[in-house]
Number of protein chains: 2
Amino acid sequence: MGNTKRAPLQGIKVLDLTSVVVGPVATQFLADYGAEVIKIEAPEGDLLRKLGGASPSGTMSAKFLHLNRNKRSVVLNLKTDEAKRALKRLCAQVDVVVVNMRPKALERAGLTYDDLKTINPRLIHCSLLGFGRKGRYANRPAYDSIIQGASGIASVVDKMYGQPGYVPMVMADHTVGLIAVQMILMALYQRSQTGEGEGIEIPMLENMAAFVMAEHMYLRTFDPPLGGNFDPRVSDPQTRPIKTKDGYICLSANTDRQAFGFFDAIGHPELKEDSRFCSVAARFRHTREYFDLRSTALLEKTTQEWLGIFDELSVPAMPYNTLESLPDDPHIRDVGLFQPIRHPTEGDIWNIGLPNTLRNGASAEYSPPPALGADTQAVLKEFGIDADEIAALISSTGQRQVSSGSD
Amino acid sequence: MGNTKRAPLQGIKVLDLTSVVVGPVATQFLADYGAEVIKIEAPEGDLLRKLGGASPSGTMSAKFLHLNRNKRSVVLNLKTDEAKRALKRLCAQVDVVVVNMRPKALERAGLTYDDLKTINPRLIHCSLLGFGRKGRYANRPAYDSIIQGASGIASVVDKMYGQPGYVPMVMADHTVGLIAVQMILMALYQRSQTGEGEGIEIPMLENMAAFVMAEHMYLRTFDPPLGGNFDPRVSDPQTRPIKTKDGYICLSANTDRQAFGFFDAIGHPELKEDSRFCSVAARFRHTREYFDLRSTALLEKTTQEWLGIFDELSVPAMPYNTLESLPDDPHIRDVGLFQPIRHPTEGDIWNIGLPNTLRNGASAEYSPPPALGADTQAVLKEFGIDADEIAALISSTGQRQVSSGSD
């Protein structure tokens with residue numbers, strides 16, 4: 001406090017050869033905490049610039065904006081040998097390279113860990129894969145939805161909703177992006193102790209299968225199994241936001257204290273003695289009746305009325321937020337999660353602030369997601385590539401050379 | 001590789017004061033890569049030991065097994081002053097403390113970052129919270145379901161399935177646990193550079209709201225908005241595993257090349273020229289017809305037949321796995337994700353292996369999730385607490401002193 005704070009990842013250079021979601025999620029975290037992230041884009045740019053929806057410029061979709069702040073953009077036409085050589089020179093000078101190509105493509109491009117460690121022994125090389133290299137799907141294409149379908153997420157939806165379906169988020173991409181951050185940071189810590197670089201492989205299918213099964217392998221964890229897969233505690237169709245007089249409320253009353261508080265709240269303290277509801281085990285045996293009781297009782301008052309009553313009786317409850325109401329949730333406003341920002345080309349936008357806080361380390365100052373190739377010239381110069389080469393590299397991308405920002 | 005590999009987090013001591021899911025997810029990752037994780041349990045034990053389902057011993061549910069390997073268990077009765085003092089002595093000698101208490105309870109227990117940094121300036125203190133301390137929900141209780149309901153997850157389910165509902169996983173707990181790992185590892189890296197400890201706060205609601213909205217704030221990211229929330233690319237009710245003659249298949253054919261391959265696969269190459277289907281934009285405008293076409297065509301052959309055809313034509317497709325079929329998926333078997341292990345009290349169980357690989361760093365040897373208090377005596381001795389004190393501490397927990405493992 002009072003002293004000048006330093007960002008934890010200050011001085012770390014990251015070469016980001018990824019696009020769309022899984023890689024950008026990972027590198028944005030690094031950028032948010034002070035790493036210099038150089039996003040390499042093909043001349044047509046990261047697909048997500050357009051795929052993520054409309055935008056004022058047509059090249060800065062909302063999803064792109066939320067996953068690419070605090071990065072610099074360099075365009076290279078990697079179909080040319082000059083650009084391949086330039087890329088290798090960048091690889092030789094950074095701390096971290098993140099790629100999401102299939103194993104065969106990575107080999108063809110000469111960008112495997114083995115290729116790069118010879119020119120940069122301290123390099124941390126993070127390879128995002130659909131499927132581990134030792135399994136038969138290794139070179140198959142991976143997309144979020146098919147990973148959800150193959151990893152058990154769609155099966156969990158089936159068990160809950162009666163038909164295989166996806167969770168309507170790019171949940172596999174997003175989650176594996178978070179996991180990649182862990183692995184990269186662990187390798188940075190390791191390097192601080194040993195001086196040694198690291199080659200990391202992160203397969204999406206295996207990560208999501210592990211994520212789902214930690215929870216839902218359930219009684220088949222035991223051999224012989226003690227019962228089936230799937231934790232029934234999340235499976236009842238009534239485990240969902242519950243209707244009130246004017247909307248929905250989210251309620252969790254599982255312990256005796258909470259359930260008894262709930263019985264008091266609805267004016268039926270006698271249920272504490274009811275053999276169906278008097279203990280955790282009894283309520284578990286009578287889940288359906290307990291949930292029916294809740295859904296009938298909650299219709300009597302408004303969400304706000306119930307929240308006041310439950311708060312006094314220490315029954316865990318929260319308002320149900322729609323995507324529309326969430327930014328106006330009073331707590332979310334208190335903490336300033338959504339921040340108005342002026343983007344140089346997109347006008348006023350809402351940035352999603354960092355949810356977590358550090359007492360000593362600083363986060364990076366916000367810098368807006370970059371225009372395609374905005375930093376090509378400046379970055380190539382900083383990495384020691386001379387002016388003639390830079391001109392040729394830019395010319396091969398079809399972009400015009402921009403003179404700003406090179407000093 | 002011939003050389004003896006070293007686990008990246010070897011030498012790091014973690015005091016884990018958490019229970020159930022969010023904290024244990026985080027500390028298990030640290031344990032899996034070599035940190036010494038000491039799990040502090042109350043005399044009744046982590047709730048998840050029983051709450052996570054049946055087990056041979058009755059105290060090692062499947063969920064507990066999947067989140068607590070490679071840890072040691074120490075039981076303390078923190079209602080006694082002696083145990084509180086012993087805990088402080090442990091806090092003074094570790095690298096990381098992880099807590100998930102509400103702010104007021106943390107203050108009462110004297111376990112805030114400010115309390116502990118005076119006795120351990122290099123300490124990394126990670127506080128898992130339901131809600132950030134600067135917002136009005138700060139001291140409310142948090143559970144996975146109500147966080148899902150308040151953070152927009154239940155709203156996304158509503159937009160897809162027509163009614164607010166939860167994703168049938170403890171998705172908020174699990175995801176925030178992964179995020180906690182990032183923050184802890186970043187602080188460890190930071191400390192390696194500056195020598196300074198760190199106080200981290202990780203609020204669940206804000207993290208999950210950011211997770212959802214990065215994807216689904218969508219056209220409301222712009223001010224004035226260019227349209228509504230929610231990315232329509234995941235919203236069509238037909239965006240789900242598709243029925244075949246004998247089951248389901250997961251298909252992703254979005255680019256022209258993939259869609260055209262799909263038209264070849266179903267024997268209708270003329271659709272490549274059809275004005276409804278000839279480009280990404282055309283198919284987007286005719287999403288419903290494109291999906292109807294897919295669901296009709298796929299009924300003609302079995303899943304395995306389609307997989308063979310799609311593979312040849314480079315159309316991304318995968319088998320749909322149920323929770324039951326997943327462990328037998330041939331790729332999952334190739335990589336050995338599920339490993340048979342013999343647990344000392346639970347008999348044969350399936351451990352979920354580490355999905356990611358490191359070229360240089362080692363992961364920890366598997367050690368089974370501990371019996372309640374298995375390491376109390378050994379750990380307390382290692383931390384310099386004398387035999388009489390240890391005896392008194394154990395006696396106050398109601399457990400018997402165990403003589404094994406203390407040397």
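Which residue is the bridge partner of B:Val14 in strand 2 of chain B? In this predicted model, the partner of B:Val14 is B:Val37, and the pair belongs to the four bridges that join strand 1 (residues 13-16) of chain B to strand 2 (residues 36-41) of chain B, two strands that run parallel.

## The sheet and its helices

The open sheet that contains these two strands is formed by seven strands in the order 12(A)-6(B)-5(B)-4(B)-1(B)-2(B)-3(B), with mixed pairing. Its edges are strand 12 (357-358) of chain A and strand 3 (71-75) of chain B, each of which pairs on one side only. Helix 1 (residues 22-32) of chain B packs on the sheet, where it touches strand 1, strand 2, strand 3, strand 4 (96-99) and strand 5 (124-129) of chain B, and its direction makes about 165° with that of strand 1 of chain B.

Another helix of chain B, helix 10 (residues 204-216), lies across strand 5 and strand 6 (198-203) of chain B and runs at about 65° to strand 6 of chain B.

## Strand 4 of chain A

In chain A, strand 1 (residues 13-16) and strand 4 pair in the parallel sense over three bridges, and within this pairing A:Leu15 has A:Val97 as its bridge partner in strand 4. Strand 4 of chain A is also joined to strand 5 (residues 124-129) of chain A by four bridges, again with the strands running parallel; here the bridge partner of A:Val99 is A:Ser127 in strand 5.

In a regular strand the side chains alternate between the two faces of the sheet. Strand 4 (residues 96-99) of chain A has A:Val96 and A:Val98 pointing one way and A:Val97 and A:Val99 pointing the other way, and all are buried.

## The nonpolar core

The largest nonpolar core has 253 residues, and those with the most contacts inside it are A:Ile184 and B:Ile184. When neighbours within four places in sequence are left aside, A:Ile184 is in contact with A:Ala26, A:Leu30, A:Val96, A:Ile124, A:Cys126 and A:Ile200.

## The contact between the chains

Chain A and chain B each bring 123 residues to their contact. On the side of chain A that touches chain B, helix 9 (residues 171-194) of chain A gives the most, with 15 residues, and the residues of that side divide into 73 nonpolar, 33 polar and 17 charged. Strand pairing also crosses between the chains, with strand 6 (residues 198-203) of chain A and strand 12 (residues 357-358) of chain B pairing in the antiparallel sense over two bridges, and with A:Ile200 standing opposite B:Leu358 in strand 12 of chain B.

Chain A is superposed on chain B by a rotation of 180° with 0.0 Å of shift along its axis, at an RMSD of 0.0 Å, and the two copies are thus related as by a two-fold rotation axis. Of the interface residues of chain A, 99% are also interface residues in chain B, so the copies meet through the same surface.

## A loop residue of chain A

A:Gln238 is found in the loop between helix 10 (204-216) and strand 7 (242-243) of chain A. Is A:Gln238 buried or partly exposed? With 13 other C-beta atoms within 10 Å, A:Gln238 is partly exposed. Residues up to four places away in sequence not being counted, A:Gln238 touches A:Phe291 and A:Ser295, whereas A:Gln238 and A:Gln93, which are 145 residues apart in sequence, are 55 Å apart in space from C-alpha to C-alpha.

Key. Residues numbered from 1 in each chain as written. Chains lettered and ligands numbered in written order. Predicted model: local features only at pLDDT ≥ 70, side-chain atom pairs only at ≥ 80, totals over all residues. Contact = placed C-beta atoms within 7 Å. Nonpolar A, V, L, I, M, F, W, Y, C, P; charged D, E, K, R; others polar. Pairing = 2+ DSSP bridges. Least-squares fit on C-alpha atoms with pLDDT ≥ 70 in both. Axes fitted to C-alpha atoms, helices over the stretch in contact; angles between N-to-C directions. Buried ≥ 20, exposed ≤ 12 C-beta atoms within 10 Å, placed from the backbone. Core = buried A, V, L, I, M, F, W, Y, C linked by C-beta atoms within 7 Å.
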